[in-house]
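Hi there,

Here is the structure I promised to pass on to you. Have a look at it first, and then read my notes below.

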Amino acid sequence: MAVYGIDLGTTYSCIASIDDVGRPAVLRNLEGTDTTPSVVYFESGDNVVVGATAKDTAVLDPGNVVSLIKRDMGRDVTRRIHGIDFKPEELSAFILLKLATDARTSAGEEARDVVITVPAYFGAAERDATHKAGRIAGLNVIDIVSEPIAAAITYGVLNPDADRTILVYDLGGGTFDTTVIALRGGHIEVVCTDGDHELGGADWDARIVEFLAERFLAEHPGASDPLDDPQTEQQLRRDAEDAKKSLTTRTVHTVRVMHDGRVAAVELTREKLEDLTRDLLDRTIEITGRTLATAAEKGVHDYDDLVLVGGSTKMPVVAARLETELGLRARLQDPDLAVAKGAALYAFEETYRRLVREGAAERAEEMANRAGLSAEQQRQIAGRTIRTVASHAFGIVVVDRETGEESVAHLVHANDELPAARSEDFFTVFDDQDSADVRVMEQAGSVESPDLLDNNEIAAGDIRIPAGKRAGWPIEVTFQLDASGLLNVAAVEKEKGERLDLKIDVGGMSEEEVERSRTALSRVQVS
Amino acid sequence: MNTDEEYRRAVLEPARAAGDQPPEDLRVRYMLREPLEPAAVAAAVKQVRQCWRRARGQLKYRRLVDRLEAEHRELAAVFAAAERGDVRPLAERLRGGRERDERRREAVRARLADAAGALRMVTPAEVEAIARAAGVPADEGRALAAVERIDVREPDRLPPTAPYAAYPKVRESLDVLGRRHLPDFLFGERLTGPMRVLDGFAAAGVTLDAAAVEAAVAAWARRSRDTSTTHAGTILAGLRSDADPSELVRYDIVERLRERARQRASERALLRFAMEDLGIEPGDARRLVFAIVRESGGGGGVAARLRALLDAGEVYAAAEMADGGLDNDAPDEAAVLAAEARRRVEAAVRLREQAAAETDPDRAWRLLADALRLVGDLPGAAELQRRLPPEPVPAVRADVDVTAGGTTVRLFFEPSPSTAGDVRYHVVRRRDRPPRGAADGEPLVGGRDERPPVNAPLYYAVTAVRGEAASAPVVTGPVVVRPEPADVAVAAGDGVVTGRWRLPAEAAGVRVTRDGHRVPATRDGFSEIVPNEATHHYLIAAVYLDADGREVVTPGVRRSAAPSAPPDPVFELAAAPDPADPDALFVRFDPPGHGTVELVLTHEPPPWPRSALLPVAELRGVVRRLPSDPAPGGLRVRPGSAGWIMAVTVAGGFAAIGAHHRHVHLPPPGRVVADRRGGHVHLGFDWPGDAAEVEVAFRVGRSGDGRPVTRRAVTRAAYDTQGGLRLPVPEDEPVEVTVAAVGTAGDGRLTGPAVSARVAARTVVAYELVRGGPPWRRSLTVRLSAGRAARIGRLELVLREGRVMPHRAGDGETVQVWESVPVPGEVTVDLPRVAGPYWLRCFADDDVIELGDPPVRSLRVAK
Ligand SMILES: Nc1ncnc2c1ncn2[C@@H]1O[C@H](COP(=O)(O)OP(=O)(O)OP(=O)(O)O)[C@@H](O)[C@H]1O
Ligand SMILES: [Mg+2]
């Protein structure tokens with residue numbers, strides 16, 4: 001059975017798998033395009049439309065259309081539509097369902113086993129939410145993998161047998177990531193990563209929208225503010241994105257802003273666009289600089305390539321600016337599709353490795369033969385290791401016994417190698433205490449801080465304490481961040497070394513809720 | 001009511017109106033209710049922050065929400081305390097909020113008073129700006145102005161240029177004659193009271209009209225001619241010109257005030273000048289001074305007005321103003337601006353003339369665009385530009401698309417080669433003859449004709465349009481749309497085929513052929529008797545009559561049908577597991593007389609009675625067909641999940657429902673792990689398929705020694721809640737455990753294949769750590785004891801500094817290793833010297849021996 005890679009993007013998503021000759025290929029959707037807008041339209045509570053049609057509808061019925069869902073992943077924010085509260089995981093599940101269903105139509109077989117990509121800078125809660133979204137969509141999520149790693153895999157396949165150090169600069173629709181990756185002897189090692197969740201093409205669009213609205217008001221001082229009308233705002237967003245895209249090849253573009261029965265023809269030049277968004281680009285440059293500094297601390301100074309990923313890197317100013325600032329010539333390799341293709345390759349290779357590991361050698365062999373891989377290639381895949389790092393520091397809330405003040409003690413630091421596990425001792429505070437709370441926190445800013453405010457809670461749980469224990473009874477809790485950046489927690493009592501019951505919910509949704517959502521959503525018609 | 005909407009209306013919108021200033025009152029901002037309850041506060045804060053996040057999706061709220069979030073960070077400690085149960089800091093804040101609000105209002109009143117000055121007047125924009133800067137809603141700003149008795153009004157628009165071009169001469173003459181202003185000249189002594197000039201001229205006892213002017217003319221005519229009469233003549237000429245006398249009077253007054261304003265007179269001085277020296281009624285005087293002060297932004301006069309015009313792109317108006325009324329002693333700046341305006345107008349006029357002479361409309365368009373960029377109000381340029389047609393599109397092609405939804409004509413054309421300006425395209429359609437222009441025919445949107453008239457010659461024309469001018473139309477055609485019959489369905493029965501469709505109303509008839517032979521048919525269907533067990537191919541075409549009445553037949557729609565005798569059902573069926581493959585089943589049945597048997601899986605009992613006959617399509621919509629291999633006496637399938645396996649016989653388009661078998665999927669449990677933990681064996685595995693329970697059997701002792709087997713049924717719930725199974729087993733005996741899935745099918749219980757695991761016997765060796773020896777040479781003895789004699793392959797004593805117990809030998813430093821240690825027995829080492837707390841612990845590296853730790857207090861050394 002085939003396995004699939006899904007690039008679940010903020011603005012566009014894409015699904016790929018391995019074709020008959022072992023190459024990753026993107027599967028088109030029913031509308032015939034490679035990428036599907038990550039926009040969800042609720043025609044009713046049980047009929048949902050995803051993709052270009054939904055994006056078109058945003059202009060007519062903005063109240064029932066949701067976009068930029070990825071920005072809410074891992075956050076406790078719901079959207080109320082037709083009287084139902086939807087969690088970000090559920091909204092993302094609709095997009096995944098659409099991709100999987102369309103892939104089934106074009107590939108002729110069920111798309112069930114998938115790898116989903118997330119920005120490298122995503123923390124444990126966001127990764128976990130993405131994993132859950134996959135399960136809500138009824139998919140079997142083989143793994144969650146970082147987008148730059150997926151891009152690096154595609155890159156590595158296109159440029160085989162060369163040991164290289166590359167800097168991946170990924171500017172998509174909603175997030176920005178920079179990652180330093182070393183490719184050595186077929187192995188992939190992430191040196192360090194950094195980024196910003198709220199920086200992407202959509203912010204470029206927002207600047208243009210504000211500009212258009214401003215110019216419209218200057219021309220029609222008596223008219224109402226176009227941004228007061230959600231329909232006009234949606235229309236302007238579309239116009240803005242079109243203008244931005246057209247300005248990659250042309251130097252002027254005219255937008256006709258229509259609102260309140262009036263029209264203003266606003267001319268936007270490429271220069272003006274670059275002026276309006278200069279600070280955004282500056283932020284990406286600053287973060288890139290920070291990444292290079294971290295890499296330098298880890299002994300990486302020279303780069304062979306700068307790989308540009310993400311649709312927004314098509315803006316000519318990006319490559320130009322990076323070249324002047326870093327002196328690196330950028331390579332633009334399939335920036336829209338490289339991630340999905342890499343994810344498909346990863347899904348394929350990882351399934352193959354798991355089969356080999358579980359001793360199902362013939363099935364592995366059969367899978368490789370179907371994809372036409374030589375024995376040498378198989379050996380290489382079987383032996384490939386992928387080393388990743390933590391994107392954020394994480395730790396636990398500790399209470400000062402004297403003052404009662406709470407602070408965060410970090411156990412794993414940003415850019416520590418994964419998997420990383422740390423154990424911490426706890427002691428009960430009262431006699432006959434029946435449970436103990438653990439709160440797992442993750443660094444929220446770009447540097448670590450012990451202040452609770454500077455951290456997000458990503459998991460909370462309680463440990464059951466057997467009856468009849470005195471105060472001071474020792475417990476050891478182990479926190480593990482696995483290679484995909486997902487969090488696992490285990491507790492052991494220290495007298496006998498036995499495991500303790502632990503109920504922990506990472507992110508906003510419990511396992512039961514995931515199951516409930518999956519059942520509820522399976523009744524919804526998605527097209 | 002929707003919280004988001006309410007919050008937007010009650011909090012976000014007012015805050016936005018106040019210049020993105022969040023409400024100071026936290027009760028409003030966080031929808032808090034008094035008395036403050038810790039849980040309610042926490043819930044409200046959470047809900048409000050979610051509202052923020054959602055509102056941030058709309059651009060207009062983004063800045064405000066970012067500000068709210070930033071301020072929330074500052075407040076986080078207060079809310080954290082409230083959440084913990086201490087609402088005092090929050091209550092404290094709420095009290096502070098009220099005071100801050102009061103202070104803000106004070107600030108607005110003071111600023112308004114400053115702005116209003118001696119006139120006690122401000123503009124609406126100023127009120128809004130002041131309110132915004134202080135963080136108070138605009139409405140409240142206006143209310144505060146009312147409290148302060150400050151008038152809020154737009155300044156009157158005063159004439160920028162003289163209504164009479166030679167006004168400077170009039171003014172000179174008035175000065176020579178020693179008149180304060182025009183009314184003084186006209187009415188002299190008769191002007192006794194204050195006059196109003198803003199809304200028309202009015203003063204007690206006099207009227208300003210043509211008669212008054214004529215009276216003055218007559219009076220001066222009576223005087224002997226001298227230089228005074230010449231000057232009076234100049235003034236009277238102005239009054240008798242086509243300029244309205246009251247406008248001229250107003251301009252005269254305004255110019256005098258402007259002059260004072262340019263000389264930096266204060267507001268108070270201007271007001272006094274207007275009322276006392278010029279004799280203006282106090283209300284008008286205030287309005288005049290207010291307007292003049294606002295007009296120049298506090299000085300600048302002509303220069304400022306020129307600049308305002310230039311900035312607004314009204315360069316032509318600026319040049320006119322400069323030509324019309326710029327004094328020779330105008331300030332330098334004004335002169336410079338005037339020169340600039342004139343220069344730009346000249347250049348623009350040149351461009352406009354060049355454009356008028358240009359034959360290429362595109363080039364002319366660009367010249368005019370340049371001219372308009374220089375001078376936005378250049379007379380005639382915009383009109384001329386709007387009338388320049390673009391080049392026509394190079395070529396047009398029309399394709400007829402036939403889809404399920406209907407027939408569409410799609411038009412393809414390259415854009416017009418004209419690149420200047422905003423070129424748009426109009427597409428029109430006409431029957432019978434080509435359109436002659438953009439308005440000749442039905443307009444079409446988006447280059448598609450969704451409802452083309454059927455069976456008629458159609459012509460399409462595309463015109464390129466720029467402004468009000470259109471290119472010549474480019475035509476394609478004639479296109480004749482003749483749709484095929486729609487919704488064609490051909491169904492086969494037992495020895496019969498029927499067809500059905502919808503024929504377009506315009507079609508004259510239909511032509512049906514089977515394998516080349518005509519089949520009689522009505523407009524909307526046919527029915528024909530044919531032999532069974534063969535596939536028949538039909539071609540269904542529509543017939544139209546062309547303009548000359550000749551028949552035109554469409555290419556037609558192809559359909560096939562294979563009639564057959566109805567299938568016979570399978571009456572009985574038996575299923576048994578395949579011994580070679582635990583996931584597979586052998587399904588046996590007697591082959592039916594007619595039709596092919598397939599097996600399907602349903603998840604509920606099949607809804608159809610046996611022998612029911614239904615269309616195959618209907619069946620496929622509800623059930624999943626199981627892939628199967630032929631096997632002796634039946635088929636071999638891998639159902640994959642539980643359900644009802646049903647035999648259906650398929651022939652032609654029909655399926656006969658046969659017997660079914662209830663199938664339960666009982667695979668062997670996967671990944672069975674058995675670990676010994678003290679007196680128990682822990683058993684874990686992947687829950688097998690749909691098993692309702694598993695049967696766990698275990699036997700203590702070596703196989704063949706005849707000990708009884710203990711069996712237990714374990715439900716899934718029991719397994720999940722305990723996270724595995726704990727089987728009590730003596731530590732020093734081996735044990736064999738088997739697990740098998742159990743399910744019910746019909747009335748019987750079924751057990752799936754079992755998987756077994758074996759756990760070796762263990763000998764538990766207890767140890768004690770005993771400290772001994774003299775103070776200068778302390779020793780540590782490890783004393784080992786067990787239920788029976790044994791030997792430990794390798795014993796390791798480990799020390800770990802700190803407060804954490806070592807869990808593996810690798811967790812600390814090795815103090816000593818002994819090989820092959822007899823039990824019972826003891827070994828001794830020097831007591832390690834370590835400062836600070838530490839742990840000691842022994843580890844055995846041996847397959848069958850397990851060490852039992854002594855009480856923790858003897859392992860932990862807390863110094
Ligand atoms: N030619 C172009 N010029 C400028 N921007 C472009 C162009 N083409 C696409 N984009 C922008 O790229 C973005 C989409 O890129 P991509 O599909 O890589 O992002 P994503 O996967 O949706 O988001 P993310 O990876 O951040 O979650 C959109 O904002 C889109 O407007
Ligand atoms: Mg992306």
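Below is what I found, taken one topic at a time.

Please keep in mind that this is a predicted model.

Let's start with chain A as a whole. It contains 13 helices and 29 strands. Of its 527 residues, 54% are buried. If you take the contacts in chain A with a separation of 6 or more, 66% of them join residues 24 or more positions apart. The accessible surface of chain A is about 22,200 Å², and carbon and sulfur atoms account for 46% of it.

Next, the ligand. Ligand 1 is surrounded by 20 residues, and the closest are Thr10(A), Thr11(A), Tyr12(A), Lys70(A) and Gly311(A). Sorted by class, this shell has twelve polar, six charged and two nonpolar residues. Helix 6 of chain A (residues 230-246) provides the largest share of the shell, with three residues. Thr10(A) places a polar side-chain atom 2.5 Å from an oxygen atom of ligand 1. On its own, ligand 1 would expose 640 Å², and the protein buries 94% of that.

You will find Ala223(A) in the loop between helix 5 (201-219) and helix 6 of chain A. Leaving out residues up to four places away in sequence, Ala223(A) touches Phe216(A), Leu217(A), Asp260(A) and Arg262(A). The C-alpha atom of Ala223(A) is 8.1 Å from that of His259(A), although the two residues are 36 apart along the chain.

Finally, the nonpolar cores. The largest one has 50 residues, and among those with the most contacts inside it are Phe185(B), Phe201(B), Leu239(B) and Leu288(B). Several helices of chain B give two or more residues to this core, including helix 8 (167-177), helix 12 (245-262) and helix 14 (282-295). A second, separate core of 41 residues includes Val3(A), Ile149(A), Leu183(A) and Tyr352(A). Back in chain B, which residues does Phe201(B) contact, leaving aside neighbours within four places in sequence? Among them are Pro183(B), Phe187(B), Met195(B), Leu208(B) and Val249(B).

Enjoy exploring, and write back with any questions!

Best wishes

Technical notes:
Residues numbered from 1 in each chain as written. Chains lettered and ligands numbered in written order. Predicted model: local features only at pLDDT ≥ 70, side-chain atom pairs only at ≥ 80, totals over all residues. Heavy atoms only, no water. Core = buried A, V, L, I, M, F, W, Y, C linked by side-chain atoms within 4.5 Å. Buried < 20%, exposed > 50% of the residue type's maximum accessible area, 1.4 Å probe, protein only. Helix = DSSP H or I, 4+ residues; strand = E, 2+ residues; numbered from the N terminus. Contact = heavy atoms within 4.5 Å. Near = heavy atom within 4 Å. Polar contact = N/O pair within 3.5 Å; in protein donor to acceptor, adjacent residues only side chain to side chain. Areas by Shrake-Rupley, 256 points an atom, 1.4 Å probe, with all protein chains shown as cover. Nonpolar A, V, L, I, M, F, W, Y, C, P; charged D, E, K, R; others polar.
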